[in-house]
Amino acid sequence: MAIHSDWGDWLPRAVEDADPDGIAVWYLGCNGFVLKAEDTTVFVDPYLGTGDPPRTVRMVPVPFDPADVGEADAILATHEHTDHVHGPSQAPILESTGATFHAPDDSLAVARDDENWTDEWDVDDSQLAEVEEGDTFEVGAFTVHVEPAHDPDATHPVSYVVEYDGRTFFHGGDTKPSDEFARVGDEYDIDLGVLAFGSVGRIPDKETREPKRTRWYNDENQAVEAASDLQFERFLPSHWDMWKGLTADPTALHGHARSFDSPERLEIAEIGDRVNI
């Protein structure tokens, strides 16, 4: 499946041209992000597909063609769902840049067995690196820690803590609140944290295609509970923009977060926005 960008190549060019003082973070819509520090570029869960209409219908633009990405050192995947591990979105980046794909075992099974990345694209198996909770590894200027996640809809989800020069970014994938998060919040000083937020809607069942009440992401209370346990300084909600029937208004989180010490403030970003740490 070829990717067609609605926006041309301005976003990958903006990432390449950036010279951040600290960590620059771009929101790609859905749960995708690009992080850059010094000359190191890391993608997290970039998804450029349109879903599976009429079951899942993409509601935001496709911000770039992966073939237009000229600089990437790594892609981090949080779990095995198609909007987090997706060959047409991610394998061309690996192909053109030589980046490494870091993911837990079930996500690598999608890449290797279900989508055959090494056969369908010019991707070497050595570019596919397995991670598990407790791992720490270096990607250029970044130090990446793999931490637990709690996503009952996934088979092996993880979260990532990415550090650079005293600055810290957290990406929870599609996690809900977890008993592990108080420990993670004590262990790291998280400047900017990402959690998936959305509404409950009627989505066609994957097998029967009959509409079914569906909750895939945190509601307001769950999102603030997790952000509070993780002690975010700034909380950036994600995923609220993506799927028809599950979209939500992230500004609603202001009222829910107001009485908690953490997060100290909300960082509302739209697709294509840059946030600095």
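1. The buried residues of helix α3 pack against β7 (100-103), α4 (117-120) and β8 (128-130). Helix α3 spans residues 105-114, and its buried residues are Ser 107, Leu 108, Val 110 and Ala 111. Buried here means under 20% relative accessible area, exposed over 50%, and partly exposed in between, with a 1.4 Å probe and protein chains only. Helices (H or I, at least four residues) and strands (E, at least two) are DSSP runs, numbered from the N terminus. Seen down the axis of α3, the buried residues fall within an arc of 150°, so they line one face of the helix; the arc is that of the directions from the helix axis to the C-beta atoms. Asp 113 and Asp 114 are exposed on the other side of α3. Just after this helix, Asn 116 takes a positive phi of about 50°.

2. The basis of these remarks is as follows. The model is predicted: local features need pLDDT of at least 70 and side-chain atom pairs count only at pLDDT 80 or more, while totals for chains, interfaces and linings use all residues. Residues are numbered from 1 along each chain as its sequence is written, and side-chain values use heavy atoms, with hydrogens and water left out.

3. The structure holds one cavity of 30 Å³ or more. On a 1 Å grid over the protein atoms alone, a cavity is a set of points where a 1.4 Å probe fits but cannot get out, and a pocket is an open set with protein on both sides within 12 Å along at least five of seven lines; lining residues have an atom within 4 Å of a point. Grid points are joined across faces, edges and corners, and a volume is the space filled by probe spheres set on the points. The largest cavity holds about 70 Å³ of space. Residues that line it include Leu 11, Pro 12, Val 15, Thr 41 and Phe 43. Helix α1 (10-17) and strand β3 (40-44) each supply at least two lining residues, and α1 gives the most, with four. By class, this lining has eight nonpolar, two polar and two charged residues. For this count, Ala, Val, Leu, Ile, Met, Phe, Trp, Tyr, Cys and Pro are nonpolar, Asp, Glu, Lys and Arg are charged, and the others, Gly among them, are polar.

4. Thr 41 is found in strand β3 and is buried, with a relative accessible area of 2%. Leaving aside neighbours within four places in sequence, Thr 41 is in contact with residues including Val 15, Val 34, Leu 35 and Glu 71. Contact means heavy atoms within 4.5 Å.

5. About 580 Å³ of space lies in the largest pocket. Of the 25 residues that line this pocket, Arg 55, Thr 56, His 81, Lys 206 and Trp 216 are the closest to its centre. Strands β4 (51-52), β14 (201-204) and β15 (211-214) each supply at least two lining residues, with β15 giving the most, at three. The lining of the largest pocket has six nonpolar, six polar and 13 charged residues.

6. In the largest nonpolar core, which has 46 residues, Leu 35, Phe 169 and Phe 170 touch the most other members. Strand β11 (residues 158-164) provides the largest share of this core, five residues. A nonpolar core is a set of buried Ala, Val, Leu, Ile, Met, Phe, Trp, Tyr and Cys residues joined through side-chain atoms within 4.5 Å. Not counting residues up to four places away in sequence, Phe 170 touches, among others, Tyr 160, Val 161, Phe 181, Leu 230 and Phe 232. A second, separate core of 29 residues includes Leu 28, Leu 48, Val 69 and Ala 103.

7. Glu 133 is in the loop between β8 and β9 (136-139) and is partly exposed, with a relative accessible area of 34%. Glu 264 lies in the loop between α7 (253-257) and β17 (265-266) and is exposed, at 60%. Glu 264 and Phe 232 are 32 residues apart in sequence and 7.0 Å apart in space, C-alpha to C-alpha.
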